Amino acid sequence: MSADAAMGSRGAGGGNRPAFRLHYASFESRVAAGALDVLVLFIIASLLVTAGSLIVLISSDFERVEPSSTALSAFWVCVALIPVAFLLYFFIGLAWKGQTVGAAVMQLMVVRSDGRPLGVLGAMARVIGLLAYVLLAGIGIVGAYALRESTVAAGAVLGGALVLAALGILWAAFDRHRRTLHDRLAGTIVVRLV
């Protein structure tokens with residue numbers, strides 16, 4: 001059954017509840033939710049860097065002596081935890097309620113293509129789908145580094161990879177169900193809570 005058709009689901013007694021229709025999130029509301037999520041991710045990264053910096057600052061007796069190697073290591077551990085925290089932010093929010101902070105503010109929810117809640121496996125698929133953009137950017141960076149002798153070629157490879165990543169997101173503006181590349185990879189849709 002397609003996602004835009006009327007949906008029915010089984011209740012606890014085995015009967016069917018009334019069918020419902022999914023209302024796809026608009027491209028604009030998805031962009032706004034994404035911008036809010038970027039703000040939350042910036043705050044998370046800032047808190048981790050601040051925590052690491054405070055450890056170094058206290059270890060150096062507020063810059064009176066050299067910081068200990070343990071404090072410097074702790075700083076770099078905090079920095080290394082940033083990507084892990086980002087992945088956990090998306091995974092926990094999506095597995096728990098099908099929403100990130102941005103989606104909750106914009107009253108959006110991520111569900112499977114058939115309208116069922118994501119659950120743990122669906123959230124994992126969605127996070128893996130999001131990593132496609134990281135992979136595209138990584139390919140562009142590696143390609144640009146390999147072609148660093150030619151500024152034009154390096155710029156073209158990096159620019160091409162970033163354009164492909166942007167097109168994966170802009171796809172939602174033209175798709176009938178407002179799906180991005182990571183929606184298609186994960187088998188999800190974003191719906192408006194009504």
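Analyst: Happy to go through this one with you, starting with a term: a residue counts as buried under 20% relative accessible area, as exposed over 50%, and as partly exposed in between. Please keep in mind that this is a predicted model.

User: Thanks! Is Arg-184 buried, partly exposed or exposed?
Analyst: The relative accessibility of Arg-184 is 36%. Buried needs under 20% and exposed needs over 50%. Arg-184 falls between these cut-offs, so the class is partly exposed.

User: Which residue forms a salt bridge with Arg-184, and is that residue buried or exposed?
Analyst: The closest N and O atoms of this salt bridge are 2.6 Å apart, and the partner of Arg-184 is Asp-175. Asp-175 has 7% relative accessibility, which is under the 20% cut-off, so Asp-175 is buried. In short, the partner is Asp-175, and its class is buried.

User: Which other arginine forms a salt bridge with Asp-175, with N and O atoms 3.3 Å apart?
Analyst: Side chains of opposite charge can pair when their charged atoms come close. Like Asp-175, this arginine is buried. The residue with its closest N and O atoms 3.3 Å from those of Asp-175 is Arg-179.

User: How many salt bridges does the structure hold?
Analyst: One of them joins the side chains of Asp-114 and Arg-116 at 2.7 Å, N to O. Asp-114 is partly exposed at 29%, and Arg-116 is partly exposed at 45%. There is also a network of salt bridges that links Arg-30, Arg-126 and Asp-183. For the structure, the number of salt bridges is 6.

User: Which element gives the most residues to the lining of the largest pocket?
Analyst: The largest pocket has a volume of about 990 Å³, and its lining has 35 residues, with Phe-90, Leu-130, Tyr-133, Ile-169 and His-182 nearest the centre. Two or more lining residues come from each of α1 (27-59), α2, β1 (108-112), α4 and α5 (151-174). With 9 residues, the element that gives the most is α1.

User: How many residues of that lining are nonpolar?
Analyst: The lining also holds charged residues, 3 of them, and 6 polar ones. The nonpolar residues number 26.

User: Which helix gives the largest share of the nonpolar surface patch?
Analyst: The patch is formed by Leu-87, Val-120, Leu-121, Met-124, Ile-128, Leu-131 and Val-134, with about 650 Å² of accessible area together. Leu-87 sits in helix α2 (residues 69-97). The largest share, 6 residues, comes from residues 119-146, helix α4.

User: Where does Arg-178 lie, given its positive phi?
Analyst: Phi of Arg-178 is about 60 degrees, although the residue is not a glycine. Its relative accessibility is 27%, so Arg-178 counts as partly exposed. Its place is the loop between α5 and α6 (181-186).

User: What is the relative accessibility of Gln-107?
Analyst: Gln-107 is found in the loop between α3 (101-105) and β1. Its phi is positive too, near 60 degrees, in a residue other than glycine. Gln-107 counts as partly exposed because its relative accessibility is 49%.

User: How far apart in space are Leu-193 and Tyr-24?
Analyst: Leu-193 belongs to the segment after β2 (188-192). In sequence, Leu-193 and Tyr-24 are 169 residues apart. In space, C-alpha to C-alpha, they are apart by 9.1 Å.

Notes: Residues numbered from 1 in each chain as written. Predicted model: local features only at pLDDT ≥ 70, side-chain atom pairs only at ≥ 80, totals over all residues. Heavy atoms only, no water. Patch = residues over 30% accessible without salt bridge, like charges linked within 9 Å, V, L, I, M, F, W, Y side chains within 5 Å. Areas by Shrake-Rupley, 256 points an atom, 1.4 Å probe, with all protein chains shown as cover. Salt bridge = Lys/Arg side-chain N within 4 Å of Asp/Glu carboxyl O. Helix = DSSP H or I, 4+ residues; strand = E, 2+ residues; numbered from the N terminus. 1 Å grid on protein atoms, 1.4 Å probe; cavity = no way out; pocket = protein on both sides within 12 Å on 5 of 7 lines; lining within 4 Å. Points joined across faces, edges and corners; volume = space filled by probe spheres on them. Nonpolar A, V, L, I, M, F, W, Y, C, P; charged D, E, K, R; others polar. Buried < 20%, exposed > 50% of the residue type's maximum accessible area, 1.4 Å probe, protein only.
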